[in-house]
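Hi,

Here is the structure I promised to pass on.

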Amino acid sequence: MSLQFQPLVSLKPFNSFGVDVKARLFAEAHSDQDVREALAYAGSHALPLLVIGGGSNLLLTADIDALVLRMATRGIQIVTDDGERVVIEAQAGEPWHPFVLQTLAQGLSGLENLSLIPGTVGAAPMQNIGAYGVEIKDVFAGLTALDRHSGELRDFNLAECSFGYRDSLFKQQPGRWLILRVRFALSRVERLHLEYGPVRQRLSEQGIEQPTASDVSQAICSIRSEKLPDPAVLGNAGSFFKNPLVPAAQVAQLKRQYPDVVAYPQADGQMKLAAGWLIERAGWKGFREGDAGVHKLQALVLVNYGGATGGELLDLAQRIQRDIAERFHVELEMEPNRY
Ligand code: FAD
Ligand code: NAP
């Protein structure tokens, strides 16, 4: 079946903020062929093409004068299996969390700390998704992307992706690479990452001293469900700002004025400041103006109480950025992709 193009489609169901803007044209890709057809159509009609997955890392500030292509390709397959190390490949449109659960059900560990992150497999490399001490770069085995400039397929290995903190080559070169499928190196031997305080604590509370990867996944799901708003209930895009990486001397200076400031040392000698702490300390937690606000339980999350526009959310984010810069001399960088 060939690609179905729909004109003037509301993107409200396709972004987790629930912002109501329209796409000039909308289509869903169920195969590589659909992707190529969409690219050809956009090219021949001089239309920009915006690729989306689950829309959980987007801030849409106006109607999208483009062909919006939602990746809906499905399929998961084992590529290699040496009895211990298993490389598994998933198509871009596979929903992330069900994929994680499927790997755990197959006795494969590696993705458990990344449980309950919304979105799709294809978007995961875009910002090298991370949580509770693990990033996809830690289990990454390769991906296949379409070069939108040349129309050619290219395989990327770990080094070629330039993964960083919530960053990658694909984020640095917006609009160039369309990720079709991603491969992960998982293991039948569990090597768990429990260094994030709340994870170990939750497991202990449950009386689990020798956890399995599935136990870790369940503990993380329960922690996240308590702390983070469910986009199906309250619009949000997760953390709205990255945790800023700053020189250790700057943290030492901040500590003199704010002894309880939260910061974590990085391998390169820098410190990662908890942006949520800065925003909360500045008094923004629970702030609401109209339908745009800052979540009551997690100051890093901006929320849409229903009718906020992308512009209103952006305006609130910029006010927070200015305030944090004035108070703490720290620049906050927005995490969601803005269109
Ligand atoms: P989208 O929002 O649809 O797209 C994101 C970007 O990727 C856009 O620029 C889009 O153009 C591009 N893109 C999407 N698919 C493709 C593709 N196949 N090829 C090329 N480009 C593509 N993130 C974390 O890192 N850690 C977390 O713990 C986390 N928790 C979250 C919790 C909540 C409640 C929410 C709402 C978000 C959270 N996020 C987190 C952010 C978000 O879920 C992730 O960044 C996720 O990977 C986005 O996937 P998506 O499919 O929704 O991408
Ligand atoms: P949290 O546990 O309250 O911690 C606050 C911040 O401190 C986190 O952002 C985290 O940085 C950092 N941190 C905490 N413990 C750390 C440790 N032992 N070592 C190094 N850094 C530490 O954070 P939270 O908001 O509840 O989120 C929990 C995890 O889920 C975090 O990893 C967070 O990144 C992830 N998450 C991400 C999003 C998103 O949209 N990007 C949304 C929700 C949750 P890091 O963020 O760098 O880990």
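A quick term before the ligand: a polar contact is a pair of N or O atoms within 3.5 Å; within protein, one must be able to donate a hydrogen and the other to accept it, and residues adjacent in sequence count only if both atoms are side-chain atoms. By that rule, a polar backbone atom of serine 239 sits 2.8 Å from an oxygen atom of ligand 2. Lysine 227 makes its contact through a polar side-chain atom, 2.7 Å from an oxygen atom of ligand 2. For tyrosine 132 a backbone N or O atom is involved, 3.0 Å from an oxygen atom of the ligand. On its own, ligand 2 exposes 790 Å², and the protein buries 81% of that (Shrake-Rupley areas with a 1.4 Å probe; for residues, only the protein chains shown count as cover).

Some ground rules. This is a predicted model, where local features need pLDDT of at least 70 and side-chain atom pairs count only at pLDDT 80 or more, while totals for chains, interfaces and linings use all residues. Residues are numbered from 1 along each chain as its sequence is written, chains are lettered from A and ligands numbered from 1 in the order in which they are written, and side-chain values use heavy atoms, with hydrogens and water left out.

Back to the ligand. Ligand 2 is surrounded by 16 residues, with Arg166, Tyr196, Lys227, Lys272 and Gln298 the closest (near means a heavy atom within 4 Å). Where does ligand 2 lie relative to domain 2 and domain 3? Domain 2 (76-187) and domain 3 (235-338) both give residues to the shell, so ligand 2 lies between them; the bounds come from an automatic or database domain assignment.

There is also an open sheet of 3 strands, ordered S14-S16-S15 with antiparallel pairing. Strands are DSSP runs of E with at least two residues, helices runs of H or I with at least four, both numbered from the N terminus, and two strands pair if DSSP finds at least two bridges between them. S14 (245-246) and S15 (263-265) are at the edges with a single partner strand each, so one side of each has no neighbour in the sheet. S14 pairs with S16 (residues 271-273) over 2 bridges, and valine 246 stands opposite methionine 271.

Leucine 116 is in the loop between helix H2 (96-105) and S8.

Cheers
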